[in-house]
Each structure stands twice: as structure tokens, then as C-alpha cells.
Amino acid sequence: MTAVEPIRNLQKIKKVEQFLAKQSYRNLLLFTFGINSGLRISDILKLDVKDVKNKAYIEIKEQKTNKFKKFPLNSKLKNMIEIYTKNKPVNSPLFKTIFNNRMDRVTAYRIIRYACKRAGVRENIGTHSLRKTFGYHFYKKYNDIAMLQKILNHSSPAVTMRYIGIEQEEIYKNYKMFIL
């Protein structure tokens, strides 16, 4: 099985967002939530409306690690959540299917893959690409691998670098620049 990749190009992210905005606000929020929070898809899909509505911070117990996580919502997510949850019952799942059930991983995977394909993203994409995209762009913006390691709950900086695809990217870049 090939590992999924982050979406490294900001224009491609915008194209995915534009496609999803025309398709479904729910799907746009799912994508935006993933790339702005760094949460695993299992933790995103576990959220109920009450977990995010009128909140400045999200508090969860990560499904995979069983660790408590609290983080602030950025202004983009806060605004989108406010619009999306306006008339939704607080005890309902945040992301529901057309059959009124909680969305599952397979449905989320299909939504993300389809949107990325339609937007011209050629990388190997899956739901975990959202978390990796968050990590990649966080690192590129702040160049703080220790902070990112802590956010993603990784065991070492090397794991984080490999996870977001920076390690190989930087190796290639350095090879190209090394001339004797």
C-alpha cells in the first residue's frame, strides 16, 4: 500500500475548496476542518455539533492515542462552523450522510478523493492527506518541527519530518544544490 501524501501546493488546495464550495458546504467544511486542525479523520467524524458550536477551542480524546487534545479554532473554521451549525440540533453528528447517519471513513475518503481528482490534484490522496497537509504547511510556515511533533503527538522529530514528506524533499533539494 502506498502512503498518502499532503497537498503541498496552495493553489491546488484553493481549487479543491472551490470545487467543494460548488458541490456541498458539508464537504467543504470536512476538507477545511482536516487541513486546519491536523486531526485524524476518525476524530473529526466523531465530533457532534455541541463539540464545535459556539466554541473557541475543541477538546477531544484522540481515538488512536487516547490522549486529551485541546486546540483553538482559527477564524476561518469558526466562521464556517457558525454557518454550518446554525439550525442543527446540538446532539446530532457534525458530519452526517444523506441517510441522516454519522459519516464514516469510507464516505469521507470518497468525498476527499473525488474532490481532489476533480480539482487536478495528482498526488496519492486519502483522508489522512488532510492531516499531512496541515503538518506540511504548518512546518513550511513556522519551521518549528518540535512544535509540530507535539501537535501531531509523534515520538520524534524524525518521524514528523518523514510523515509530512519534508525529509525526502529536503534531501533532493540538498543533492541538487551540492556541487563540488
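Begin by selecting helices α7 and α8, whose crossing is right-handed (the near helix is turned clockwise from the far one by less than a right angle). Helices here are DSSP runs of H or I with at least four residues, strands are runs of E with at least two, and both are numbered from the N terminus. This is a predicted model, in which local features need pLDDT of at least 70 and side-chain atom pairs count only at pLDDT 80 or more, while totals for chains, interfaces and linings use all residues. Residues are numbered from 1 along each chain as its sequence is written, and side-chain values use heavy atoms, with hydrogens and water left out.

**Stop 1: α7 and α8**

Helix α7 covers residues 128-142 and helix α8 residues 145-152; their axes come within 10 Å and cross at roughly 160°. Axes are lines fitted to C-alpha atoms, for helices over the stretch in contact, and angles run from 0 to 180 degrees between N-to-C directions. The angle therefore makes α7 roughly antiparallel to α8 (over 145 degrees). Next, display R131, F134, G135, F138 and Y139 in α7, which meet I145, M147, L148, I151 and L152 in α8; contact means heavy atoms within 4.5 Å. By class, this contact has eight nonpolar, one polar and one charged residues. Ala, Val, Leu, Ile, Met, Phe, Trp, Tyr, Cys and Pro count as nonpolar, Asp, Glu, Lys and Arg as charged, and the others, Gly among them, as polar.

Then select N143, in the loop between α7 and α8. Its phi is near 50°, a positive value in a residue other than glycine. Most residues other than glycine have a negative phi. At 55% relative accessibility, N143 counts as exposed (over 50% relative accessible area, with buried under 20% and partly exposed in between, for a 1.4 Å probe and protein chains only).

**Stop 2: α2 and α5**

Move to helix α2 (residues 25-37) and helix α5 (residues 75-85), whose axes come within 10 Å and cross at roughly 150°. Helix α2 is therefore roughly antiparallel to α5. The crossing of α2 past α5 is left-handed, the near helix being turned anticlockwise from the far one by less than a right angle. On the α2 side, select Y25, R26, L28, L29, T32, F33 and N36; they meet K76, L77, N79, M80, I81, I83 and Y84 in α5. The residues of this contact comprise nine nonpolar, three polar and two charged.

**Stop 3**

Select strand β1 (residues 57-61) and β2, which run antiparallel and are joined by five bridges; two strands pair if DSSP finds at least two bridges between them. E59 stands opposite K70 in β2.

Centre on F71, which is buried at 11% relative accessibility. Apart from neighbours within four places in sequence, F71 contacts S37, L39, A56, Y57 and I58.

Between the strands lie six residues, among them N66, with a positive phi near 65°. N66 is exposed, with a relative accessible area of 53%.

**Stop 4: D48**

Finally, select D48 in the loop between α3 (41-45) and α4 (49-52). D48 is buried, with a relative accessible area of 13%. Which residues is D48 in contact with, leaving aside its neighbours within four places in sequence? They are V90, N91, S92, P93, L94 and R102. The C-alpha atoms of D48 and P93 are separated by 4.1 Å, although the two residues are 45 residues apart along the chain.

Key: Parallel < 35°, antiparallel > 145°, perpendicular 65-115°, else oblique.
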